[in-house]
Amino acid sequence: MPSIELEGVYKIFGEEPEKALEMIEEGAGKDEVREKTGHVIGVQDISFKIKDNELFVIMGLSGSGKSTLLRCVNRLVNPTKGTITLHADGSDYDITAADKESLREIRETQVSMVFQNFALFPHRTVAENVSFGLEIQGVDKTERNKKAKELIEVVGLEGFGDSFPSQLSGGMQQRVGLARGLATGAEVLLMDEPFSALDPLIKVEMQNELLDLMEEMQRTVLFVTHDLDEALKVGDRITIMDAGRMVQKGTPEEIIVNPKTEYVADFVENADPSDVLRAETVAEKDFRVHDHRVSLDEMTEVEVNDQNEVVQGYISGTPVPVRPLEDYDSIEEDAILYSSKDTPISKIMRARLAYSSRPVLVLRDKELIGFVKESNILQGLLEKGRGD
Amino acid sequence: MSKMNLSLKKLFGGVVSALGWVFLYPLTVAARIGTPLLELPAKPASIPLDKWTVVAVDWLALNIEVFFDFIQLVLNSINEGLLAAIQWVPIFVVNIGGAPIRFPVWSLILFFLLWYLSGQITTGLLGLVTLWLAANFGLYIETTETFSLTLTSALIAISLGIPSGILAGISDTVHNIIRPVLDLMQTMPVFVYLIPAVIFFGMGAAPGAVATVIFAYPPSVRLTNLGIREVPDELVEAGEAFGCNYWQLLMKVQIPVARPSIMQGVNQSIMLALSMAVVAALIGAGGLGGEVVRGIQRMRVGQGFVAGLSVVFTAMILDRATANIGARERE
């Protein structure tokens, strides 16, 4: 599986970027460089590593350099300085040093792209759009059609293969764009604000489908967005950019819980943390095991073994089963729910509302590490986890 | 009374002329003083571009005659070949009430062709009626001549124009070079290059075709160039992002996306070719234009009008046949 490594990547727009680069190295700021040399700094000293099968989000406002950085990865924009390395198929490709032909091959087979305004070819049918990359690869027509049909089904557009893009709605068009990106078999997918041009409802639907797809299809995704909620929702990790620089990098929760700068804090302020905060973060971990029993509240307790694995639950002294949180709507008897440590608290809140308001156990593998009561959730939401 | 009148008139005339003299004399003096300044440059001109042109044209006519002969041969072959093919299709004549009514088979072919090309049966009917009318106006031969000259010239203009337009679309250098040439071709009064055309190619269809090609070439170039330049950046990026090489990008993305604009250029070229093919009658290209010219020369209003009307019909056929090709594909 592929991974991508960026090291000290700069992009400076202008006639003599070396001059501007020198100024930056001497500590000049963005505005100073622009005033003195007329050069615009697009991206400044970016380093990070995208792990395989990760959905890595670059987030920032317009003009923050996020799209430029994304385009550096397949060299639609040539970085001024720095190296970008792609590890795929057991070999390393130095993208920044690649010549025209090897760059073309990388684009053809390793890295594909999805665009903000879909960028579908208006003269091609949906199927022809989807198989465009394969056509460039020189795959023969029957094979191409087969693959196109398969991917059109994957993105839920059965029966639209012979339509033209102009006949489809925005959401459907981006499904075509996504299918085209997936069709080449490239394991790295660059997504440039793919859902920004869509209606809010369609947008959420597409985000969910993207997450499902990624679970199925094993891709390494670099995803650009200006929408924090989107970033928090789809991202395994997020990097936040401001004025060409990387301000913070971390998991959605780390960013919500611990914004490093004012800029990030401003962003995060209005974000809904309930999808991001995990059970482990808000859980009450300060519990005592007394004679293999843990008391959760006045009525509820659980029995654990020596490895702190839960054996049996009790409600008012009556033995009850311990069931996973996800099953709450199919549990008929009284039971105690448990969640994994990474479950977002929004799920716990939903289960508590629908099933019972008793504490929910938090497990790491099978070991009990804490439990979540109403007060933990409230505290977590109010303080975004910091009051721990 | 009459004497009185006469003297009054004299007096009035005298006053007017006196006033006129008083006011106008200074003006005439001023005009005379100003004359050397106001007068156009005296001939011979200090930059005798006219003479140089003559020298250049004479030199070309003398020294690369073979080249011009070759072009003449090619143009005549295409034109006459096309004409022969068009005229090979027969006309049926039926006597109705003693008057011979002509039914050209072409009108039927045109009906189906236009129906197919435009997708509308009314356009087909237009073709049918037009050709039937032309035949019965007694202008069938002339119409076919104009058709073949127009198509020959347009074919050449387009097959040169689209590649030039593509080059101009992808290269700023080519664009900057070709633009003033196009301006020259389009704004130079058409009669001006009929003269050298005659010198190089003699009278007849060949110089007419050359003048027509020159006139019909620019719109193909301009609209192809525009179409290529207006391909959205994101589509070009998409092509590149999927690994297109330069050639693939051109053939699979830029040209197909620019196609509607290119087809508009084709349409414009054909229409301009027709208008010039009519004017080319002045140098003996014949056809409907010849009828118009004869009508003017002999003051025959009716002959000129009927020929002019046939030109209009021909224009409508050509326009409808080519206007929808680009648009139809989007449906």
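Hi everyone, let's start with one pair of residues: A:Leu55 has A:Val221 of strand E8 in chain A as its bridge partner. Do keep in mind that this is a predicted model.

That pair belongs to a larger pattern. In chain A, 6 strands make up an open sheet with mixed pairing, and their order is E6-E7-E8-E3-E9-E10. Strands E6 (111-114) and E10 (245-250) of chain A are at the edges with a single partner strand each, so each has one side without a neighbour in the sheet. From one strand to the next, the twist averages 20°.

Over to chain B, and a pair of helices. H8(B), residues 190-201, packs against H9(B), residues 205-229, at an angle of about 140°, and their axes are 9 Å apart. H8(B) and H9(B) are therefore oblique to each other, and their crossing is right-handed. Which residues make the contact? On H8(B), they are B:Val190, B:Tyr193, B:Leu194, B:Ala197, B:Val198 and B:Phe201, and on H9(B), B:Ala206, B:Pro207, B:Val210, B:Ala211, B:Ile214 and B:Phe215. By class, this contact of H8(B) with H9(B) has 12 nonpolar residues, with no polar and no charged ones.

Last, how do the chains meet? Chain A puts 19 residues into the contact, and chain B puts in 16. On the chain B side, helices H10 (233-241) and H11 (246-279) are the elements giving two or more residues. H10(B) contributes the most, with 6 residues. The side of chain B touching chain A has 8 nonpolar, 3 polar and 5 charged residues.

How values were computed
Residues are numbered from 1 along each chain as its sequence is written. Chains are lettered from A and ligands numbered from 1 in the order in which they are written. This is a predicted model: local features need pLDDT of at least 70, side-chain atom pairs count only at pLDDT 80 or more; totals for chains, interfaces and linings use all residues. Two residues are in contact if their C-beta atoms, placed from the backbone, lie within 7 Å. Helices (H or I, at least four residues) and strands (E, at least two) are DSSP runs, numbered from the N terminus. Ala, Val, Leu, Ile, Met, Phe, Trp, Tyr, Cys and Pro count as nonpolar, Asp, Glu, Lys and Arg as charged, and the others, Gly among them, as polar. Axes are lines fitted to C-alpha atoms, for helices over the stretch in contact, and angles run from 0 to 180 degrees between N-to-C directions. Angles under 35 degrees count as roughly parallel, over 145 as roughly antiparallel, 65 to 115 as roughly perpendicular and the rest as oblique. A crossing is left-handed if the near helix is turned anticlockwise from the far one by less than a right angle, and right-handed if clockwise. Two strands pair if DSSP finds at least two bridges between them.
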